[in-house]
Amino acid sequence: MTDRPITTTDAGIPAPSDEFSLSVGPNGPLLLQDHYLIQKMAHFNRERVPERVVHAKGGGAHGVLRITEDVSQYTKAKLFQKGQETELFLRFSTVAGELGSADTVRDPRGFAIKFYTEDGNYDIVGNNTPIFFIRDPSKFSDFIHSQKRRADTHTRDHNMQWDFWTLSPESAHQVSFLMTDRGTPRTWRHMHGFGSHTFLWYNAGGEKFWVKYHFKTEQGIENLTDAEAKALVAADADFHIRDLHTAIRNGDHPAWRVNVQIMPFEDAADYRFNPFDLTKVWPHSDYPEITIGRFVLNRNPENYFAEVEQAGFEPANLVPGIGPSPDKMLQGRLFSYPDAHRYRIGPNYLQLPVNAPKVPVHSYNRDGQMRYRNPGDPVYAPNSVNGPAADPSLYEGENYQVAGEIIRSAHVRHREDDDYVQPRALWESVLSDVDRDHMVSNIVGHASAPEVTADMKKRVVEYWTNIHKDLGQRVAQGLGVA
């Protein structure tokens with residue numbers, strides 16, 4: 001005998017064999033009574049959960065957040081109090097590709113963090129850009145469909161991507177980012193992360209503030225050129241997953257500074273553009289970034305499926321001291337993310353270890369598929385038998401007044417609302433000459449795909465001309481459009 005453990009069934013029963021099925025004689029038919037064979041085959045047929053519709057390809061790691069500055073004047077959220085340390089799990093991902101796609105393709109990167117706080121889980125579900133393609137969730141499924149596969153050929157199609165983008169001018173800022181080299185980060189370790197949305201912070205006195213999160217890589221920004229990214233697609237489809245795992249395994253723990261922008265609550269009403277518009281950033285000249293702490297990733301998952309594939313992040317996980325804003329995209333995501341998890345990994349996904357809070361759960365939710373922690377009596381609220389009771393005082397401060405007619409409408413424009421102002425500033429004031437050259441080359445390469453029609457190329461030129469005349473002229477020259 002060796003010290004090796006004995007193989008068992010999933011019920012813990014010693015397995016009869018690692019190699020051979022139960023048969024009538026060595027060459028005869030198999031028997032239905034071979035319960036171990038049936039268990040192995042039946043489980044194998046079910047071992048894949050549906051992949052995420054978006055953000056399917058990704059990886060992640062565990063870490064810890066440490067707060068170094070006092071921001072109690074802005075929020076009473078316990079995880080953001082000076083000296084607090086909070087365990088976290090962070091998942092990086094691409095957006096459009098399937099689970100088996102390459103992770104170095106041109107795409108935004110998901111940057112989703114789950115903080116295991118003493119008030120339960122707090123999730124920030126962001127990207128590596130501070131903005132997004134659209135500002136209303138009614139267009140989200142259409143946008144994603146335009147980035148996925150055609151119904152007839154089951155192939156991705158650059159023509160339909162440009163069709164959606166050029167008919168959606170609010171996409172211009174995000175597409176500008178995407179077409180720079182930041183659309184192909186060298187590694188997940190060498191890119192920033194953003195909460196992207198605007199959130200509400202409120203302090204112990206009930207004072208309210210609007211906040212944006214910025215996670216600034218301490219490794220420095222490094223990007224791939226389009227050619228380098230395409231070469232890695234061929235060489236190693238899992239380059240980013242491998243890089244993160246290897247770095248942490250070797251003790252090279254990546255870290256990010258945690259910065260916030262704070263806007264006084266009253267400023268939002270007449271700010272020069274809509275501060276809740278996900279296609280826009282707040283200029284740092286108006287609201288400078290404040291460093292409040294940092295987080296480090298220091299532990300790899302032990303099992304990819306259990307900890308990365310089954311991880312579920314949801315913007316609806318908001319702890320006392322933090323609330324949602326009127327950002328329409330955020331409002332839509334409050335429902336859509338937990339609903340996706342209930343479909344994909346089951347109604348009791350919050351009992352999976354990677355999703356379970358580190359604090360006791362006292363809930364009246366019960367039963368359902370795969371539940372293994374079920375509350376006893378009482379099973380209803382209110383009750384008079386000492387069951388859990390809510391404490392509304394924890395959320396004093398999150399309420400604010402809104403008024404208006406119930407309508408379907410674009411947001412009311414503020415005095416400087418324009419879909420092209422910020423991408424124009426990116427082109428004129430942020431990008432270097434090399435960045436501009438690469439951006440033009442990336443646009444021309446993407447819009448030169450065989451399926452992109454001549455009429456669509458004209459619309460592409462018009463799209464970029466609206467941002468800047470010089471940019472439009474250079475794209476037109478590259479595409480051969482008069």
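The following questions and answers concern a predicted model of one chain.

Colleague: What do the numbering and the confidence cut-offs rest on?
Modeller: Residues are numbered from 1 along each chain as its sequence is written, and side-chain values use heavy atoms, with hydrogens and water left out. Since this is a predicted model, local features need pLDDT of at least 70 and side-chain atom pairs count only at pLDDT 80 or more, while totals for chains, interfaces and linings use all residues.

Colleague: How many helices and strands does the chain have, and what is its radius of gyration?
Modeller: Helices (H or I, at least four residues) and strands (E, at least two) are DSSP runs, numbered from the N terminus; the chain has 12 helices and 10 strands.

Colleague: Is V211 buried or exposed, and what is its relative accessible area?
Modeller: V211 sits in strand β7 (residues 208-217). Leaving aside residues up to four places away in sequence, V211 touches H197, T198, F199, W201, V260, Q261, I262 and W282, where contact means heavy atoms within 4.5 Å. Buried means under 20% relative accessible area, exposed over 50% and partly exposed in between (1.4 Å probe, protein chains only). V211 is therefore buried, at 0%.

Colleague: How are α11 and α12 oriented to each other?
Modeller: Helix α11 (residues 454-467) packs on helix α12 (residues 469-479) at an angle of about 160°, with axes 6 Å apart; axes are lines fitted to C-alpha atoms, for helices over the stretch in contact, and angles run from 0 to 180 degrees between N-to-C directions. Angles under 35 degrees count as roughly parallel, over 145 as roughly antiparallel, 65 to 115 as roughly perpendicular and the rest as oblique. The two helices α11 and α12 are therefore roughly antiparallel.

Colleague: How do the residues of the contact of α11 with α12 divide?
Modeller: From α11, K457, V460, V461, W464, T465 and I467 meet K469, L471, G472, V475, A476 and L479 of α12. Ala, Val, Leu, Ile, Met, Phe, Trp, Tyr, Cys and Pro count as nonpolar, Asp, Glu, Lys and Arg as charged, and the others, Gly among them, as polar. The contact of α11 with α12 has 8 nonpolar, 2 polar and 2 charged residues.

Colleague: How are α10 and α12 oriented to each other?
Modeller: Helix α10 (residues 433-447) and α12 have axes 9 Å apart. Residues of α10 including R436, D437 and M439 meet residues of α12, among them L471, R474 and V475. The packing angle of α10 and α12 is about 45°, so α10 and α12 are oblique.

Colleague: Which peptide bond ending at P382 is cis?
Modeller: P382 lies in the loop between α8 and α9, and P378 is found in the loop between α8 (328-345) and α9 (421-430). D377 and P378 are joined by a cis peptide bond, with omega about 0°. For P382, omega is near 0° in the cis bond from A381 to P382.

Colleague: Is M370 buried or exposed, and at what relative accessibility?
Modeller: M370 lies in the loop between α8 and α9 and has a positive phi of about 65° although it is not a glycine. D367, found in the loop between α8 and α9, has a positive phi of about 60° and is partly exposed at 41%. M370 counts as exposed, at 69%.
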